[in-house]
Amino acid sequence: MELTPPFLAASCCHCEHCRKHSGNFGSMAMEVPREQMKILSGDDLLASWRPAPGLAIRFFCRRCGSSLYGMNEPESETVWVRMGVLEADPGLRPSRHTWVDSAPAWLPVPEDGLPRYSRRSS
Ligand SMILES: [Zn+2]
C-alpha cells in the first residue's frame, strides 16, 4: 500500500466492530482521500467484512489477517487506513476518540485530553 499525503485526520475508534475485527481494543486509523491510496500488490489477498448493512466495510489480508483499511460505503471518497500497518510515521496524531460508550471495561478510554464522541464524530 502506498499513501500520498496530506492526510485528513486520525481517530481512535472504540466500537465493537473494530474491536472484533482487530482482536484488540478497537482501531487507530487515519482518513485518506481514496485517490491518495494505492494498493501496489496483493489485490488478490484482500478480503472484506461488513458487520451489517449500513456499517463500515473493513478490508484485511487473507494471508496474514492484518486489518488494513475501511470505508463507510464502497463509493466513499475517503478510506480509513489502520495506522498499525504503516511502515513510516505519517506525521499525524489521533485527534479524537469515537464510540467511547462501546469501550470495553478491560481497557477504559485513556484520559489524554482528546475530544470524545459516543458515536462517530462526523
Ligand atoms: Zn470502529
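This is a short tour of the structure above, one selection at a time.

**Before you click**

You're looking at a predicted model, in which local features need pLDDT of at least 70 and side-chain atom pairs count only at pLDDT 80 or more, while totals for chains, interfaces and linings use all residues. Residues are numbered from 1 along each chain as its sequence is written.

**Stop 1: the whole chain**

Show the protein chain as a cartoon and you'll find one helix and nine strands. Helices (H or I, at least four residues) and strands (E, at least two) are DSSP runs, numbered from the N terminus. Starting at that end, the order of elements is β-β-α-β-β-β-β-β-β-β. The C-alpha trace spans about 40 × 30 × 25 Å along its principal axes.

**Stop 2**

Seven of them form an open sheet with mixed pairing, in the order 5-6-7-8-3-2-9. Two strands count as paired if DSSP finds at least two bridges between them. Which strands stand at the edges? Strand 5 (46-49) and strand 9 (97-98) do, and each has a single partner strand, so one side of each is left without a neighbour in the sheet.

Select strand 2 (9-13) and strand 3 (27-33). These two run antiparallel and are joined by five bridges; on strand 3, E31 is the bridge partner of A9.

Move along to strand 7 (residues 67-71) and strand 8 (residues 78-82), which run antiparallel with two bridges between them. Look for Y69, which stands opposite V81.

**Stop 2: the core**

Show side chains for C13, A29, Y69, V79, W80 and V81. They have the most contacts inside the largest nonpolar core, which has 14 residues. Such a core is a set of buried Ala, Val, Leu, Ile, Met, Phe, Trp, Tyr and Cys residues joined through C-beta atoms within 7 Å. A residue is buried if 20 or more other C-beta atoms lie within 10 Å of its own, exposed if 12 or fewer, and partly exposed in between, with C-beta atoms placed from the backbone. Strands 2, 3, 7 and 8 each supply at least two residues of this core. In soluble globular proteins, nonpolar side chains tend to be buried together.

Zoom in on A29. Not counting residues up to four places away in sequence, A29 touches S11, C13, W80, V81, R82 and M83. Two residues are in contact if their C-beta atoms, placed from the backbone, lie within 7 Å.

**Stop 3: F59**

Select F59, in strand 6 (residues 57-61). Is F59 buried or partly exposed? F59 is partly exposed, with 19 other C-beta atoms within 10 Å. Leaving aside neighbours within four places in sequence, F59 is in contact with L46, S48, L68, Y69 and G70.

**Stop 4: two backbone details**

Go to P5 and P6, which are joined by a cis peptide bond with omega of about 10°. P6 is in the loop between strand 1 (2-3) and strand 2.

Finish at W99, in the segment after strand 9. W99 is not a glycine, yet its phi is positive, about 55°. W99 is also buried, with 23 other C-beta atoms within 10 Å.
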